[in-house]
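Okay, thanks for coming, everyone.

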Amino acid sequence: MGGLFYQLKSVWKDKFCMMSFFLPIVVAFALNLIGGIDLSSVAEFHFGVVESDLSAQTISWLEQYGSVTTYKTQEELTAAINEPSTYMIGVMIDNDSIQTMVSGDELDLFRQAADTLPALYMERARTEQISVTVLERPDLMEGMQNIFIAITLIVAMFMGCTFNAVNMILEKENGVDFVNQILPMTRINL
């Protein structure tokens, strides 16, 4: 029992061993926390319009598909569309239809939506008659949790192996240091 207590006392001093012990626990907690986060707002469409360009009906129609931000001038809208951190789709009136503007660095999803939006706008009267069934969104982390758990356990095992090797080296260095402390030394050897 004394040996086990000595090992536990030695383990508490070593940060590497503590990290290899708590790493799977922390990662499991993080995976459960991240798995519950809804990432659907990342794929939401963002539309930008000039304030006096579109009618209120068109803006309310766009709000069915995503968020709409109004800008005072065409230059502000163009600057917002060209901002690299956003996937904004610019919407302008074009006779009795709409025209979309994208910067070109968007994902294919947003580019396809911008290409499809004018045709969808032209058929908006017919699309209101269609019944829509919203399916449950699959969990993005469901398939990856098992992979993350396996990777975490492998990393923890290698950290445990490394702990043993580092601990042996440390004990050897401590033993050499202990021997050097008890050896008689003269002023010449210093």
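**Walking through the fold**

So, of the 190 residues in the protein chain, 21% count as buried, where buried means under 20% relative accessible area, exposed means over 50%, and partly exposed is in between, with a 1.4 Å probe and protein chains only. Before I go on: this is a predicted model, local features need pLDDT of at least 70, side-chain atom pairs count only at pLDDT 80 or more, and totals for chains, interfaces and linings use all residues. Residues are numbered from 1 along each chain as its sequence is written, and side-chain values use heavy atoms, with hydrogens and water left out.

Secondary structure, then. We have 7 helices and 4 strands, and along the sequence they run α-α-β-α-β-α-β-β-α-α-α. Those are DSSP runs numbered from the N terminus: helices are H or I with at least four residues, strands are E with at least two.

What about the inside? The largest nonpolar core has 14 residues; by nonpolar core I mean buried Ala, Val, Leu, Ile, Met, Phe, Trp, Tyr and Cys residues joined through side-chain atoms within 4.5 Å. Phe47, Val49, Leu54, Leu62, Val91, Ile98 and Leu117 touch the most other members. Strand S1 (45-50), helix H3 (56-63), strand S3 (88-94) and helix H5 (108-122) each supply at least two residues of this core, and H5 gives the most, with 4.

Take Leu117 and skip its neighbours within four places in sequence: Leu117 is in contact (heavy atoms within 4.5 Å) with Phe47, Trp61, Leu62, Val91, Ile98 and Thr100. There's also a second, separate core of 6 residues, including Leu77, Ala80, Ile81 and Met88.

Arg111 is partly exposed at 28% relative accessible area, while Asp108 is exposed at 51%.

Last stop, the surface. Trp12, Phe21, Phe22, Ile25 and Val26 make a nonpolar patch of about 550 Å². For patches, residues need over 30% relative accessible area and no salt bridge; like charges are joined within 9 Å, and nonpolar side chains (Val, Leu, Ile, Met, Phe, Trp, Tyr) within 5 Å. Helix H2 (residues 15-35) gives the most to the patch, with 4 residues. Trp12 lies in helix H1 (residues 2-13) and is exposed, at 58%.

How values were computed. Areas by Shrake-Rupley, 256 points an atom, 1.4 Å probe, with all protein chains shown as cover. Salt bridge = Lys/Arg side-chain N within 4 Å of Asp/Glu carboxyl O.
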